[in-house]
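Dear colleague,

Please find the structure below, handed over for your records. My notes on the helix packing follow it.

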Amino acid sequence: MEDVIVRYISRMLLPFVQLYGLYVILNGHLSPGGGFSGGAIIGASMILYALSFNLEEGTKKLSHKTSTILESSGVLLYAGMGLLSILLGTNFLGNKVAGIPIGTPGNLFSSGAIMIITFGVGIKVASTMITLFYSLIEGEEGHEDVHH
Amino acid sequence: MTEVLTYLLLIFLVVCAISVARSRDLLAAVIIFAAYSLVMAILWQLLAAPDVAITEAALGAGVTTLLLIAAIAKTRRQE
């Protein structure tokens with residue numbers, strides 16, 4: 001798409017959309033929203049970039065392969081935090097009992113592992129959105145590229 | 001005042017849902033469905049569920065519409 005208005009508006013809008021998504025993720029334990037909502041906002045912003053410019057520009061910023069790796073690393077971060085609690089001698093995803101420092105309730109850096117888990121969910125959801133879009137747009141030849 | 005707004009939005013929601021089901025043009029149906037999601041997001045906010053409202057606005061009005069339009073671009077526009 002070669003529309004100047006769409007390009008400039010989306011270029012102006014993108015930082016604010018992504019900042020808001022990051023805000024929703026990082027305040028997931030304090031305010032409405034969380035990993036899923038914030039990840040959906042960030043994923044939608046990346047789809048907006050790939051749509052308003054073209055797919056080559058979008059894949060230059062975040063390639064299909066990178067988004068697939070990010071997708072797995074998000075879920076690995078979640079499981080890793082759970083396994084860390086097992087290593088510390090408690091249940092899976094044990095938080096305060098495992099000795100993970102809990103700040104004062106209401107502060108940004110509080111609730112121990114929950115914040116990191118929410119961040120992992122956010123990465124996972126955002127990269128899932130963009131991977132879905134790439135897979136749907138690219139078609140067959142792009143799909144083979146992923147497996148190599 | 002808020003009740004009047006809620007009823008207006010609910011009527012609009014029903015009209016949107018019926019016209020999505022009745023539309024023969026799939027692209028028009030997808031765009032009406034985006035409007036449905038947007039009204040649904042406002043209604044979630046009025047029902048004091050801001051968490052769901054954020055998700056509905058980002059997913060229902062944004063990503064779902066884009067994925068369905070991409071699917072239409074790969075197939076036919078008319079039903």
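At what angle do the axes of helix H1 (residues 2–22) of chain B and helix H2 (residues 26–46) of chain B cross? They cross at roughly 155° and come within 9 Å, where axes are lines fitted to C-alpha atoms over the stretch in contact and angles run from 0 to 180 degrees between N-to-C directions. Helices are DSSP runs (H or I, at least four residues), numbered from the N terminus.

This is a predicted model, in which local features need pLDDT of at least 70 and side-chain atom pairs count only at pLDDT 80 or more, while totals for chains, interfaces and linings use all residues. Residues are numbered from 1 along each chain as its sequence is written, chains are lettered from A and ligands numbered from 1 in the order in which they are written, and side-chain values use heavy atoms, with hydrogens and water left out.

H1(B) and H2(B) are therefore roughly antiparallel (an angle over 145 degrees). Among the residues of H1(B) that meet H2(B) (heavy atoms within 4.5 Å) are B:Leu9, B:Phe12 and B:Cys16, and the H2(B) side includes B:Phe33 and B:Tyr36.

H2(B) has 21 residues and reaches 30 Å from its first C-alpha to its last. Its buried residues (under 20% relative accessible area, 1.4 Å probe, protein chains only) include B:Ala29, B:Val39 and B:Leu43. Their cover includes H1 and helix H3 (50–74) of chain B.

In chain A, the axes of helix H4 (residues 64–87) and helix H5 (residues 113–138) come within 8 Å and cross at roughly 155°. H4(A) and H5(A) are therefore roughly antiparallel to each other.

Definitions and conventions. Helix = DSSP H or I, 4+ residues; strand = E, 2+ residues; numbered from the N terminus. Parallel < 35°, antiparallel > 145°, perpendicular 65-115°, else oblique. Expected span 1.5 Å × (residues − 1). Buried < 20%, exposed > 50% of the residue type's maximum accessible area, 1.4 Å probe, protein only.
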